[in-house]
Amino acid sequence: MHITVSCGLSGECGVGGGQTRLVCSGASPTPIDPLLSAWNGPGNTPIVSTGVPVSSSYSFEKGTDKFYLVITNTDEDSLGSYYCSDEFNTSPMCAIVMDNIQAMTCSHEDTGSGNQFGISMNYRPYNVNPAITVTDPDGNAVSGSFVSPGSVSGLLKQIQWISTSTSLPGGTYTYTVQKTGTCDLVNDCMGSIDVQVKPNIPVITINSPVRTGSTLTIGCSSSGYPTPSLTLKFDGRDVASSSSGPLANGEYSVTVSYSKTVYQGDDQKQVQCVLTHPLLNTDSTVTVTVYYGPATVSINGNTAVYADNNQYLTLTCGTSAVKPSASYQWRKDGVDMSGKIQRTLTLRPTSTDDRAVISCVASNSQYPDITANGSVTLNVLYSPTAPVIAGYNPSSFISERNSLTLKCAVQDANPTPTLRWTGCPGTDTDSNTPGTVGKNRTMAEVQRGSNMATCTCIAEQTANNNWSERTAVTITVHFGPDSLSLTASNMNMVENDQVSYTCSSTKSNPRVNFTWHKNGQAVSVSTTPVYSNTGSQNSGTFTTQTWVRRVSRDDTTLSCTTQNNRGQEVKSTINLDVKYKPSSGPVISGYNGSVMPENPNTQLQMVCTQSGGNPLPTVTLTCPLSTASTTESTTQVTASAGVPVRRNINNQKMYLYIYAD
């Protein structure tokens, strides 16, 4: 402990103004030598110079009317009460005792129950009732009380004075110790104590966490006595300091501040406030938290999936650095997906999700306006439905040589399917429309060879597990017959002969029925047609119908008819030549049996007529004196001759001969 005691010796005790040497001795009072290092008189001129004890140091200070002996002792135990006397007088002159009044240099510090200021001193028993006066830095008296007096050794006693107040401001306190000696003189021990207030640990104020690009404001404060010194460090670098501040309640309040714009790179940097003070060297540290990001978003995962297999799709939203943690919202085609706020999104896409834009919006949970988003386009692979064929009704038919266009269409899918036709001839053209893929097959003139052909439309997706579907339609082609053939079993028929007539068609589809006509008039034939095929059944059917009947003389024509696929009549006709006899004999006309007068210049016109019969009979007319001539019409034969009216023809006969084939 470092103790300074200032004692004044009054000249009334014979020590002032002369060349008297003083010695300090112990209680014996035997002088202790060496003791003094120097004694300075007026003018600060050394008078005595002696050795110095190892444990003590001494100096003299000059007063205006008296000398002050200032003893600074670094070894408390070596000090005691000393007499100040003339060197020629072995007993105390005036019995003035200079006690070694020990004044503790106290520090004002927080002990947990308050701050106190204390003085302790040793004294001789006959120096009773010591009085201590203490004043604070403002000159105000500080109250206190004596506690626990006790013996140090021998006649040396100890007493302690403790301030009543437990909360004293810092500063320089002065004290005076007064006691009465044997000469009834006052011996004052005066001193001062610099009461230091231990500062509190510096308190850092900071507006952290702070948003990137914003201003970070740092403050640090502490108070104590004497003035603490504060230094702010940012990331190990001095940025601000202060060692001054206002004094209040015996403490200096010091504040230091610093501000700067912070960015992402400043996150987790250290702010340190270093305090320097005689009673405390310490620091406080805080970590800067900067909120930032996200700046970018990436979506990872497989964006291609087969919807047909009910596969799941997993996407993960990744962000650039963000603090605090990011919050997420998944969107589909710009619309928030309800409940999809996790970093990972699991979907089971359907075909309607193909080409859907899935985006992830990531935001800072503390600053929702700091957002970034990324998106991916789904590639949902799915198959179309089976292709559909239009343009032909399978329950209907198409006539030969007409045009037919078959339209195949399939719902668009991913990947886009391809279409192809097989099984029937024709030319293909694409017929795509929004949402569908189409391909038409056109047959400019449908041929009978396409009858019962199966036209198949095949939809394929080679990139989707080689998916394929097909739809087919069978075409019915109506055609023919091109011609009919009508024959008779006997063309040299005679009336009442039984003749078979057969009507036959070339191939047709469908089978045909015949209509019979005799002499231009329809007749009913009860026999059943006969149908037959040669080669492929799809190539058409032959139709044959036979009619057996007896011929009559009025049969002139016989025909069978039908219609081809274009509605045109197909007909076959035969002309009948039925042979039959005339119904009656010839008739002669030209002479009525009357008597005729002879007249060579007159001719009797004789006419013989034969009607009917097939073929027409041959008629020969023989008349006297004349030659007959014959004429024919479609139904009769006429022979005529001119006979001269002479007597030699009287009673002559006319002969008529009829010949028939």
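What follows is a chat about this predicted model, going from the whole chain down to single residues.

Colleague: What share of the residues in the protein chain is buried?
Modeller: The protein chain has 661 residues. To count as buried, a residue needs a relative accessible area under 20%. The share that makes it is 39%.

Colleague: And of the contacts between residues at least 6 apart in sequence, what share joins residues at least 24 apart?
Modeller: A contact here means heavy atoms within 4.5 Å. Taking the contacts in the protein chain between residues at least 6 apart, the share that joins residues at least 24 apart is 61%.

Colleague: Now the inside. Which residues touch the most other members of the largest nonpolar core?
Modeller: That core holds 23 residues. Strands that each supply at least two of its residues include E27 (313-319), E28 (326-332) and E31 (357-364). The residues touching the most other members are Leu-315, Trp-330, Ile-358, Cys-360 and Leu-378.

Colleague: How many residues are in the other core that lies apart from it?
Modeller: Among the members of this other core are Leu-404, Cys-408, Cys-424 and Val-437. In general, nonpolar side chains in soluble globular proteins tend to be buried together. The size of this other core is 22 residues.

Colleague: Is Lys-439 buried or exposed?
Modeller: Lys-439 belongs to strand E39, residues 436-443. Beyond its close sequence neighbours, Lys-439 is in contact with residues including Leu-406, Cys-408, Trp-421 and Asp-430. Its relative accessible area is 16%, and the cut-off is under 20%. So Lys-439 is buried.

Colleague: What about Leu-621, how far is its C-alpha atom from that of Thr-638?
Modeller: Leu-621 sits in strand E53, residues 618-623, and counts as buried because its relative accessibility is 7%. Along the chain, Leu-621 and Thr-638 are 17 residues apart. Their C-alpha atoms are separated by 9.3 Å.

Colleague: On to aromatic pairs. Is the pair of Phe-234 and Tyr-258 tilted or stacked?
Modeller: A search of the whole structure turns up 5 aromatic pairs. In this one the ring centres are 6.4 Å apart and the planes stand at 50°. Planes under 30 degrees apart would count as stacked and over 60 as edge-to-face. So the pair of Phe-234 and Tyr-258 is tilted.

Colleague: Which strands does that pair link?
Modeller: Both partners are buried, Phe-234 with a relative accessible area of 2% and Tyr-258 with 18%. They're 24 residues apart, and the pair links distant parts of the chain. Phe-234 is in strand E18 and Tyr-258 in strand E21.

Colleague: How are the rings of Trp-516 and Trp-547 paired, tilted or edge-to-face?
Modeller: Trp-516 is in strand E45 and Trp-547 in strand E48, 31 residues apart, and both are buried. Their ring centres lie 5.5 Å apart with the planes at 70°. That angle is over the 60 degrees needed, so the pair is edge-to-face.

Definitions and conventions. Residues numbered from 1 in each chain as written. Predicted model: local features only at pLDDT ≥ 70, side-chain atom pairs only at ≥ 80, totals over all residues. Heavy atoms only, no water. Helix = DSSP H or I, 4+ residues; strand = E, 2+ residues; numbered from the N terminus. Buried < 20%, exposed > 50% of the residue type's maximum accessible area, 1.4 Å probe, protein only. Core = buried A, V, L, I, M, F, W, Y, C linked by side-chain atoms within 4.5 Å. Phe/Tyr/Trp six-rings, centres within 6.5 Å; stacked < 30°, edge-to-face > 60°. Lists of a residue's contacts leave out its neighbours within four places in sequence.
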